[in-house]
Amino acid sequence: MDSTTFVALLSSVLFTIGVLGVLLRRSALLIFMSVELMLNAANLAFVAFAHRWVQLDGQIFVFFVMAVAAAEVAVGLALIVTIFRTKRSTNVDDLAALKG
Amino acid sequence: MTPDLPILIVLGAVSIASALGLLLSRNAIYAALFLVLNFGVGAVIYLVLNAPFIAVVQVSVYAGAIMVLFLFVIMLLGAERLSPGENPPGISFQRPLAIALGGVLLGLALYALFVRQPPTTATALADSSPTAIGLSLFGPYLFPFEVVSILLLVAMVGAVVLTRNR
């Protein structure tokens with residue numbers, strides 16, 4: 001096993017843990033952190049394959065992913081704060097106002 | 001077997017352990033700190049993989065800015081205590097189902113990794129200094145770079161509008 005394969009393996013394990021976090025946790029903040037974990041796992045795979053193919057483009061893409069993640073965190077946390085003001089809770093099961 | 005592999009195995013073990021800590025912790029503050037540890041280990045992995053610029057950006061943007069924002073919001077809302085019985089009784093099948101589906105996802109990823117072997121190449125080191133990254137960002141990637149700057153501006157305005165007190 002070379003280092004690229006190992007990092008790709010690590011990336012898929014971390015991504016799966018992030019998916020489990022989104023599926024299992026009920027706090028909006030924890031779900032959001034798990035999404036960040038999944039983004040980070042994808043970045044690891046990008047850098048690993050950029051290293052393997054001796055290309056810089058993978059690292060450039062990671063840079064853009066990080067910028068988009070920063071924008072996403074700013075808007076997402078603003079949404080969570082606004083929801084907390086009206087519902088007094090960050091539990092996603094309490095947000096059932098659209099349920100028929 | 002490459003010389004980097006033992007270092008990567010140790011880093012990977014810490015990385016997976018901190019991700020599991022995020023998944024299982026009962027306190028949102030502890031979960032956020034586990035995620036900071038995970039991002040820090042990720043930065044060291046980037047250094048091993050010959051990506052020093054990405055490693056520094058990872059520490060300053062992810063482990064710095066984004067996680068400080070998370071901790072700030074958790075403490076602002078006072079939402080660090082997570083209820084022990086998180087699942088309401090109606091959807092108790094959710095946990096085993098989620099674990100089974102996660103196992104399927106991991107199996108698919110491993111299948112894609114190990115059954116379809118890519119050809120091996122010579123591992124010469126690319127020039128990944130910040131100079132080379134800057135030349136690439138302001139050369140062929142100039143348009144996406146400008147789009148990202150507009151995206152960040154829109155996100156900033158959106159966050160201000162959403163949290164404004166009316």
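Asp93(A) is partly exposed, with a relative accessible area of 31%. Here buried means under 20% relative accessible area, exposed over 50%, and partly exposed in between (1.4 Å probe, protein chains only). The model is predicted: local features need pLDDT of at least 70, side-chain atom pairs count only at pLDDT 80 or more, and totals for chains, interfaces and linings use all residues. Residues are numbered from 1 along each chain as its sequence is written, chains are lettered from A in the order in which they are written, and side-chain values use heavy atoms, without hydrogens and water.

Asp93(A) forms a salt bridge with Arg26(A), the closest N and O atoms being 3.3 Å apart. A salt bridge puts a side-chain nitrogen of Lys or Arg within 4 Å of a carboxyl oxygen of Asp or Glu. The pair links distant parts of the chain, 67 residues apart: Arg26(A) lies in the loop between α1 and α2 of chain A, Asp93(A) in the segment after α3 of chain A. Helices are DSSP runs (H or I, at least four residues), numbered from the N terminus. Arg26(A) counts as buried, at 8% relative accessibility.

The structure holds two salt bridges over all chains. Arg52(A) forms one with Asp2(A), with the closest N and O atoms 3.6 Å apart. Arg52(A) sits in helix α2 of chain A and Asp2(A) in the segment before α1, 50 residues apart. Arg52(A) is buried at 7%, whereas Asp2(A) is partly exposed at 22%.

Now the interface. Contact means heavy atoms within 4.5 Å. By that rule, 83 residues of chain B are in contact with 67 residues of chain A. The two chains bury about 6,800 Å² between them, 77% of it on carbon and sulfur atoms. That area is the accessible area (1.4 Å probe) that two parts lose on being put together, summed over both. Leu23(B), Leu49(B) and Phe70(B) supply 10% of the area that chain B buries against chain A, more than any other three residues. Between the chains, the count of salt bridges is zero.

Next, the core. A nonpolar core is a set of buried Ala, Val, Leu, Ile, Met, Phe, Trp, Tyr and Cys residues joined through side-chain atoms within 4.5 Å. The largest has 67 residues, and Met33(A), Ile45(B) and Phe70(B) have the most contacts inside it. Helices giving it two or more residues include α1 (3–24) of chain A and α5 (130–137) of chain B. Not counting residues up to four places away in sequence, Met33(A) touches several residues of chain B, among them Leu22(B), Met67(B) and Phe70(B).
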